[in-house]
Amino acid sequence: RDIGVTGVQTCALPISMLLGADLGLDSLDLAQTIVLLERSLGSDPFRLPPPAGGRPAIRTVADLIEVYHSAAAAVHP
């Protein structure tokens, strides 16, 4: 665990953790997390057109990371 610049204690999360079942996030929590990520990263991957085949469900930490990773790759190939 670490104390970040905001003074909030942080820790690494296994990417396999389920956002709902393991972390207790509901849809509002996920929306707030996405807004915070957008502000922190300066990127909103949900404003980009979805990839061919549509956007996969976001169920795990890894799914959330992949959405941002894919968006960054699309913007900066």
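The largest pocket is lined by L13, L19, L23, L25, T33, L36, L37, S40, V61, L64, I65 and Y68. The model is predicted: local features require pLDDT of at least 70 and side-chain atom pairs pLDDT 80 or more, while totals for chains, interfaces and linings use all residues. Residues are numbered from 1 along each chain as its sequence is written, and side-chain values use heavy atoms, without hydrogens and water.

**Pocket**

About 390 Å³ of space lies in this largest pocket. A pocket is an open set of points on a 1 Å grid over the protein atoms alone, where a 1.4 Å probe fits, with protein on both sides within 12 Å along at least five of seven lines; lining residues have an atom within 4 Å of a point. The volume is the space filled by probe spheres set on the points, which are joined across faces, edges and corners. The lining comprises ten nonpolar, two polar and no charged residues; Ala, Val, Leu, Ile, Met, Phe, Trp, Tyr, Cys and Pro count as nonpolar, Asp, Glu, Lys and Arg as charged, and the others, Gly among them, as polar. Helices α1 and α2 each supply at least two of the lining residues.

**Overall arrangement**

The protein has two helices and two strands, in the order β-β-α-α from the N terminus. Helices (H or I, at least four residues) and strands (E, at least two) are DSSP runs, numbered from the N terminus. Buried residues make up 14% of the 77 residues.

One aromatic pair is found in the whole structure. The ring centres of F46 and Y68 are 6.5 Å apart and their planes stand at 85 degrees, so the pair is edge-to-face. Rings of Phe, Tyr and Trp (its six-membered ring) pair if their centres lie within 6.5 Å; planes under 30 degrees apart are stacked, over 60 edge-to-face and the rest tilted. F46 belongs to the loop between α1 and α2 and Y68 to helix α2, 22 residues apart.

T60 is placed in the loop between α1 (27-41) and α2 (61-75). A polar atom of the T60 side chain lies 3.0 Å from the backbone nitrogen of D63. Beyond its neighbours within four places in sequence, T60 contacts (heavy atoms within 4.5 Å) I15, S16, M17, L18 and L19.

The table gives relative accessibility, where buried means under 20%, exposed over 50% and partly exposed in between (1.4 Å probe, protein chains only).

| Residue | Relative accessibility | Class |
|---|---|---|
| T60 | 14% | buried |
| F46 | 28% | partly exposed |
| Y68 | 11% | buried |

Note on methods: Polar contact = N/O pair within 3.5 Å; in protein donor to acceptor, adjacent residues only side chain to side chain.
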